[in-house]
Amino acid sequence: MTPVSREKYYLTTPIYYPNAEPHVGSAFEIVGVDVMARWKRLLDCDVFFLTGTDEHAEKVSKVAKEAGVTPERLVEDMAEKFKQAWKSLDISYDRFIRTEEEVHKRGVVQFWRIVRDKGDIYLGSYEGLYCMPCESYWTRTQAKAGVCPECGRTLQTLREPAYFFALSKYQEPLERLFRENPDFLGPAFRRHEMEETFLKPGLDDVCISRTTIHWGIPVPDDPKHVIYVWFDALLNYLTGVGYGTDEELFRSRWPADLHVVGKDIVRFHTLLWPAMLMSAGIPLPKRVFGHGFVQVLSDDMGVEEPVKMSKSLGNIVKPGDISGKYGVDALRYFLMKEIPYAGDGAYSERNLAMRYNTDLANDLGNLVLRTLSMIERYVGGRIPEGHADPVVEWPDADKVLHAVAEEVAENVPALMEELSFSAALEAIWSLVRAANRYVEETKPWALAKDPASRPRLGVVLYQLAESCRLLSIWLSPFVPTTARKIRSQFALDEAATDFALEAAWGGTKPGTMIRKGEPLFPRLDLPGTT
Ligand code: MSP
């Protein structure tokens, strides 16, 4: 029999400007991508997860200058800080690319030459409205009142001899891409926004080199110019999988299956990027997903207004500070549950602490702990036999629990595929709550007192152990450490290896000796909560 080749899945985060350390906003983005990567691994896909740092931004060289170090030194140190931050959040990336790497630079030079030889790069002179902090030129229509539509700062008029990329040539192919591939950009409202705001008014050619800047990759055969940071950065998605240096790897990974990006950079990824690829004759990524922003509530003259969390607004929260205090999984869970991935939502430590106590300690932690305690106390720590009868003959309480578990299996996969992580967690919690209700209804402590109820007690405890086993699978992309702990407590393999089989009801093996261990989420003592 020929071995069935595993479906490949290549997904990316944007690469981060290393002028500042990551904050909870960047954590929200990368945790979402990590959840997706772990979900696809659970489905046995051959996953490749790329992240990294976008090092040739002008603001990076400015920060280096202020700090009295070379930009090379700064980006090297900062890349380490990003790696540490992602490690502390349990981010399971496969490759961390830095745009200072030789392999990246070689790929960029190769790409530039191909596009130039195609006639899509030409020398001109550029005068435009430029936003320094955002590294973006804006047209007059976009920059109403001469301020940056992104950050609201005053724009500068900049004139320089420059190379251009013939983006306008790709107006029609891009319109076709949006029309014929509605899944290319999601969620749908972002696609409409792109079409209305950028495509319909018509695309201008893009300036892709600077002579005013010296930090970056020199333009091939004209080194007075440095390649525009976005033209350089977007290519990380190719060079991170071998473009220009390892063609075999590149052929095996490209095209990307999913680029996840913030809503502020969707236009670079769905207009400039596909046009660059079309010009170079490279297949397009399959899907781009534009997520929303983590905001913080700021007091605006007595009224709480949500504003984006960002270094320039001075309102950042460091993920390490929060995960150090509440645990990595509590932060991961909170970010994925509290803020719908597609939209915006507010971060607040108070809400995190509340959700910790309600969802994690009271609902999930309590379910697992009491299931283990009862198995230990009432049946000597060994999981009893479950139902011998078919589901139709089960008591109502058991049928309801089973039906909820089936609903989870029915609904969660589609929610995961559309990156509706908060809704997926809501669905998973319906099983947590159903299992807790089942305990209240079946009252195992009463059954344990009556020798005639021993068989029923055994079945009840089996149903609960089975619910916990299923939860360890569904939760594993979101809270990997917790999922592993649950699996170890129920003496299961560290991870599910055959998802289709193991996500179905009935996988718990009677006779298994449990290992009770510590509570998953000890309750926090919060003022005003019970
Ligand atoms: N370097 C570019 C991306 C190049 S990709 C080829 C860049 N870097 S960034 O560091 O400014 O932003 C990286 C990502 O972080 C973006 O997707 C941005 O939307 C995201 N976020 C920054 N602040 C955020 C929040 N407050 N909330 C959610 N995401 C946030 O842009």
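Close-up 1. Just after α2 comes G68, with a positive phi of about 70 degrees.

Close-up 2. D77 and R73 form a salt bridge, their closest N and O atoms 2.9 Å apart; the rule asks for a side-chain nitrogen of Lys or Arg within 4 Å of a carboxyl oxygen of Asp or Glu. Both residues belong to helix α3 (residues 71–88) and are four residues apart, about one turn of the helix. An α-helix has 3.6 residues a turn, so residues three or four places apart point the same way. D77 is partly exposed at 34% relative accessibility, and R73 is also partly exposed, at 45%.

Close-up 3. R95 and E101 make one of them, at 2.8 Å from N to O, and E101 is partly exposed at 21% relative accessibility. K325 and E349 make another, at 2.5 Å from N to O. That pair links distant parts of the chain: K325 is in helix α11 (residues 319–326) and E349 in helix α13 (residues 349–379), 24 residues apart. K325 is exposed at 55% relative accessible area, while E349 is partly exposed at 29%. Elsewhere, R113, R116, D117 and D221 are joined in a network of salt bridges.

**Close-up 4. I322 and its contacts.** I322 lies in helix α11 and counts as buried, with 4% relative accessibility. Leaving aside neighbours within four places in sequence, I322 touches V317, G327, L331, Y347, E349 and L352. Take L352: this residue is 30 residues from I322 in sequence, and the C-alpha to C-alpha distance is 9.4 Å.

**Close-up 5. The second largest pocket.** This pocket has a volume of about 640 Å³. On a 1 Å grid over the protein atoms alone, a pocket is an open set of points with protein on both sides within 12 Å along at least five of seven lines, where a 1.4 Å probe fits, and lining residues have an atom within 4 Å of a point. Grid points are joined across faces, edges and corners, and the volume is the space filled by probe spheres set on the points. Of its 26 lining residues, the closest to the centre are Y137, T139, Q142, D204 and R267. β4, β5 (136–138), α6 (188–199), β8 (206–207) and α10 (266–280) each give at least two residues to the lining. By class, the lining has 14 nonpolar, six polar and six charged residues (nonpolar: Ala, Val, Leu, Ile, Met, Phe, Trp, Tyr, Cys and Pro; charged: Asp, Glu, Lys and Arg; polar: the others, Gly among them).

**Close-up 6. A three-stranded open sheet.** The strands run in the order β9-β11-β10, with antiparallel pairing; two strands pair if DSSP finds at least two bridges between them. β9 (209–210) and β10 (218–219) are the edge strands, each pairing on one side only. β10 pairs with β11 (residues 222–227) over two bridges, and P218 stands opposite V226 in β11.

**Notes.** Residues are numbered from 1 along each chain as its sequence is written, and side-chain values use heavy atoms, leaving out hydrogens and water. As the model is predicted, local features need pLDDT of at least 70 and side-chain atom pairs count only at pLDDT 80 or more, whereas totals for chains, interfaces and linings use all residues.

Note on methods: Buried < 20%, exposed > 50% of the residue type's maximum accessible area, 1.4 Å probe, protein only. Contact = heavy atoms within 4.5 Å.
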